[in-house]
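Visitor: I have a model open and would like to learn how to read its features one by one. Could you walk me through it?

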Amino acid sequence: MTAKIISGRETAEHILEKELSKKVEVLKTKNIIPNLVVILVGDMKASASYVKQKEKFAEKAGIKSEVRRFESDISEKDILSEIDKINNDPLIHGVIVQLPLPDHISVAKVLNSIHPSKDVDGFTPNNVGKLFLGEDTLVSCTPKGIMQMLRISGTDLNGKNVTVIGRSNIVGKPVSILCQSENATVTMCHSRTKDLNHKLSDADVIIVAVGVPKFISGDQIPNGAVVIDVGIHNIDGKLCGDVDFDSAKEKASAITPVPGGVGPMTVCALIENTIIAAERIHSA
Ligand code: NAP
């Protein structure tokens, strides 16, 4: 079996054209232009490249985006006061802080200071709590993008077995909740999981967010499973994921590539969240 490729790039373009552009047009008729601020601290190359992708997609969607750049020695207090200003600016609908931050700044403190209505990364306790309770909220971008890819590729999760590898707050935990809300039976795996291969053996869908290059290979994937590869690594100038794509594609029925898989969907979900935040702020 050679897997169908679930292209995040194409799915993001599809959502942009069919859903986001229309929503932006409606907002513009009311003189509302969704506005995203990205806070970028320091000069990490990878962060700068992620931010560029966000700016590019925002432009395509017809929304405003602005990057506020700060030196890596900025104090925690100054970052918090910048976020406070943004929270109180009625012309800004969404704010994200590009991670990682320098060690002297508390990520938790900074993220928790973002007003939940502008928390378009969906990281604040308020939005995470609502997700857990199944309430309408701003859902964090990578899990949201994964769910959209599954939906648009026609993968119905109802009654399916989903194995998630990785339990991070930004990917593994939220995506497992979203899959359960679509009536999947979810098995969560992590570094202490015993007999991972057994946990994979009856999976219909496998979501891998481990942060180890080519961690999962084809021999661990049951025939016909759908594989979502969240990982992204630069190995000697070549990008790869947490899944060994070449062997996995011979076993899976569908698989996301790296690059061009989950990454573009994360960006698309961020822009969609900014549009949703603008709609909500102006209808409140
Ligand atoms: P993370 O916070 O580092 O979490 C990694 C998870 O993997 C942890 O839960 C860890 O278990 C588990 N793990 C580590 N080694 C394992 C092993 N040998 N067996 C089973 N589980 C193991 O990672 P993350 O932030 O979720 O990111 C994961 C990957 O996705 C990274 O490559 C990251 O760059 C990428 N990523 C991509 C996007 C995108 O948009 N494409 C977005 C976010 C992240 P413990 O909890 O037990 O330590």
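Visitor: Is Glu17 buried or exposed?

Guide: Buried means under 20% relative accessible area, exposed over 50%, and partly exposed in between, with a 1.4 Å probe and protein chains only. Glu17 has a relative accessible area of 52%, so Glu17 is exposed. Before we go on: this is a predicted model, where local features need pLDDT of at least 70 and side-chain atom pairs count only at pLDDT 80 or more, while totals for chains, interfaces and linings use all residues. Residues are numbered from 1 along each chain as its sequence is written, and side-chain values use heavy atoms, leaving out hydrogens and water.

Visitor: Which side chain meets Glu17 in a salt bridge?

Guide: A salt bridge is a side-chain nitrogen of Lys or Arg within 4 Å of a carboxyl oxygen of Asp or Glu. Here Lys18 meets Glu17 at 3.9 Å, N to O. Lys18 counts as partly exposed because its relative accessibility is 43%.

Visitor: How many salt bridges does the structure hold?

Guide: Nine. Some are linked: Glu66, Arg68, Glu82 and Lys85 form a network of salt bridges. Within it, the closest N and O atoms of Arg68 and Glu66 are 2.8 Å apart, and Glu82 meets Arg68 at 2.7 Å, N to O. Glu82 lies in helix H3 and Arg68 in strand E3, so this pair ties together parts that are 14 residues apart in sequence. Helices (H or I, at least four residues) and strands (E, at least two) are DSSP runs, numbered from the N terminus. Glu82 is buried at 10% relative accessible area, whereas Glu66 is partly exposed at 33%.

Visitor: In what order do the strands around E3 form a sheet?

Guide: Strands of a sheet pair through backbone hydrogen bonds, either parallel or antiparallel. Two strands count as paired if DSSP finds at least two bridges between them. Here three strands form an open sheet, E3-E2-E4, with parallel pairing. Strands E3 (64-70) and E4 (94-97) stand at the edges with a single partner strand each, so one side of each has no neighbour in the sheet. From one strand to the next, the twist averages 20 degrees. Four bridges join E2 (residues 35-41) to E4, and Ile39 stands opposite Val97 in E4.

Visitor: Which helix lies across E2, E3 and E4?

Guide: Helix H3 (residues 76-87), running at about 175 degrees to E2. Axes are lines fitted to C-alpha atoms, for helices over the stretch in contact (heavy atoms within 4.5 Å). Angles run from 0 to 180 degrees between N-to-C directions.

Visitor: Which way do the residues of strand E8 point?

Guide: In a regular strand the side chains alternate between the two faces of the sheet. In E8 (residues 226-229), Val226 and Ile228 point one way and Val227 and Asp229 the other, and all are buried. E8 belongs to an open sheet of six strands with parallel pairing, in the order E1-E11-E8-E7-E5-E6. The edge strands E1 (4-5) and E6 (185-189) each pair on one side only. Helix H7 (residues 172-181) packs on this sheet, touching E5 (161-165), E6 and E7.
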